[in-house]
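The model comes first, then the geometry.

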Amino acid sequence: MKTATSKRITRGLRFRLTLSYAVFFTLLLAVAGLIFLKFLQGNLTNSIKDNLDQEWAAMKGFLRIVNGDPKWIYDKEDSDEDYIVRRMQRVYLLTNAYGTVLQSSDTYASLGEDTPDEVRAALASKEPTWKIKHTPDGARYMIRSGVVVDEKNHDPYFVAIGRPLKQNEDVISSFAKIYAGLMPIMIFSGCLLGWLIAGRALTPVMEVARAAQRISGSNLSLRIPTRGAGDELDYLIETFNRMIERLESSFIQIRQFSTDVSHELRTPITAIRGQLEVALFTAQDAEQYREAILNSLQDVERLSQIVRALLLLSQAESGQVALHKTGIDLSETAREIIDQFQIPAEEAQIRLVADLPPACYVEVDRVQIERMISNLISNAVKFTPAGGEVRVSVECHPDRTDIIVEDTGRGISPEHLSHIFDRFYQVRDTDSNGERGLGLGLSFVSWIAKAHGGSVAVDSELNKGSRFTVTLPPPVESSPDQLATQASGVVS
């Protein structure tokens, strides 16, 4: 059990983020420590060089060489001068131009006196020479060498003074030990801080995961509130919420489809069964059986129409029906559909009027637009009493294209207006000139308008008529032939 728990922790994103942070923080501390150590070493080295420069300047005031005879001239009774000179003489060497040692301290002798070649090279150089020397026991000294001139005959002499580096090395060693001792504490503190920061950063992710676990088919209204930070996590939350919205929409469509099917298929199935049962128990001759079968076939046909319409509408609303847009003359298309409805309108004693511009070129799916206009005209004719009028208009505006179908029928009462685009919704108290429809025509109209980036609106008043306005994207300047030529040119 512990092994499984530890594996789950080590594989978690929080652990991996903390580990990455710990590795980065350790490397950062190590690099920072090395940089600071080098900086400290440089400062200490420069400091001891400055001290040696000062001692060199003081030495030139105390050391006199006259005719090859070196002498230290200072007040031995003055404790300060005596201390300064004695400190210089602790690490001290004086030779002539040939490397012959004239004066030397025991400490410098243990470091190894400079060879004649080194002396000549130092005398030839105009700049002071710096070097580090070691005693046999490993003690290190900083040595500054240069030239001192005989005051009488101006002969050059080689002089070197030095200082021990032990104090500097002790400071550096102490810093390294303290830093090395503090590093585990700083790394541990950094890891703890990284663990807390990673946990806080991943809290919205865990909320998304817990929300996903709570989601079910009956609980798709759940949404995760954004933090308002505008960062990647907010983007993740917004993406998740949009995904849930799409799932909720899909589930609603599935439930709506199931409800529609169960509701609408029950009536024709019940009618078919009732007719067949009555024929089975009461029919006396072939004519009665034939009439029962004919009525049943009519209900079966209506049943098939409902199933086909439901499947097509469900596919359309779920995005399975793709639009195939081409350039068409909307005025010509509307005129052809109006001509098809002239005979049914005349039979119903209804005047069908077209108010169309000479041309209105749009880029739409011709099949779906024809179906939309047909459904609107069919509804208008169906619910307009004899002697009435149905007018179909097309208006081309710079920013939109309007298709308007208005009638002088009985109109729609306000309580029905908000539902007329729902599936199977029918205004039962309205007289019609034909059979009762499926209640899906206006649902198709609404989907086709939205699929083209448009909308549909209705204005109606009882006993005065209704006006349906479909708004589509703006017209295009090219004719259908020009659009087809452009399309073929692009394809080629």
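Rings of Phe, Tyr and Trp (its six-membered ring) pair if their centres lie within 6.5 Å; planes under 30 degrees apart count as stacked, over 60 as edge-to-face and the rest as tilted. The model is predicted: local features need pLDDT of at least 70, side-chain atom pairs count only at pLDDT 80 or more, and totals for chains, interfaces and linings use all residues. Residues are numbered from 1 along each chain as its sequence is written, and side-chain values use heavy atoms, with hydrogens and water left out.

**Aromatic contacts**

The structure holds four aromatic pairs. One aromatic cluster is formed by Phe 36, Phe 39, Phe 175 and Tyr 179. Two of its pairs are tabulated here.

| Pair | Centre to centre | Angle between planes | Class |
|---|---|---|---|
| Phe 36 and Phe 39 | 6.5 Å | 40° | tilted |
| Phe 36 and Phe 175 | 5.0 Å | 40° | tilted |

Helices (H or I, at least four residues) and strands (E, at least two) are DSSP runs, numbered from the N terminus. Phe 36 and Phe 39 both belong to helix 2 (residues 13–62), three residues apart, about one turn of the helix. An α-helix has 3.6 residues a turn, so residues three or four places apart point the same way. The other pair links distant parts of the chain: Phe 36 is in helix 2 and Phe 175 in helix 6 (residues 166–201), 139 residues apart.

Buried means under 20% relative accessible area, exposed over 50%, partly exposed in between (1.4 Å probe, protein chains only). Phe 36 is partly exposed at 41%. Phe 175 is buried at 19%.

Two charges also sit over rings (NZ of Lys or CZ of Arg within 6 Å of the ring centre and within 35 degrees of the ring normal). The charged end of Lys 49 is 5.4 Å from the ring centre of Trp 130. Arg 144 lies over the face of Trp 56, 4.5 Å from the ring centre.

**The sheet and its helices**

Which order do the five strands of the open sheet take? The order is 9-11-12-14-13, with mixed pairing. Strands pair if DSSP finds at least two bridges between them. Strand 9 (351–355) and strand 13 (455–461) are the edge strands, each pairing on one side only. Strand 11 (residues 389–397) and strand 12 (residues 400–407) are antiparallel, over eight bridges. Val 394 has Ile 403 in strand 12 as its bridge partner.

Contact means heavy atoms within 4.5 Å. Axes are lines fitted to C-alpha atoms, for helices over the stretch in contact, and angles run from 0 to 180 degrees between N-to-C directions. Helix 10 (residues 330–340) lies across strand 9, strand 11 and strand 12, at about 170° to strand 11. Helix 12 (residues 366–382) touches strand 9, strand 11, strand 12 and strand 14 (465–472), and makes about 25° with strand 12.

**Cores and helix 14**

A nonpolar core is a set of buried Ala, Val, Leu, Ile, Met, Phe, Trp, Tyr and Cys residues joined through side-chain atoms within 4.5 Å. The largest has 38 residues, of which Ile 377 and Val 470 touch the most other members. Helix 12 gives the largest share, seven residues. Beyond four places in sequence, Ile 377 touches Ile 337, Ile 338, Phe 341, Leu 352, Val 392 and Val 405. A second, separate core of 18 residues includes Leu 63, Trp 72, Leu 94 and Leu 165.

Helix 14 (residues 441–451) has eight of its 11 residues buried, so it is largely enclosed by the rest of the structure. Among them are Phe 444, Trp 447 and Ile 448. Just after helix 14, Gly 453 takes a positive phi of about 80°.
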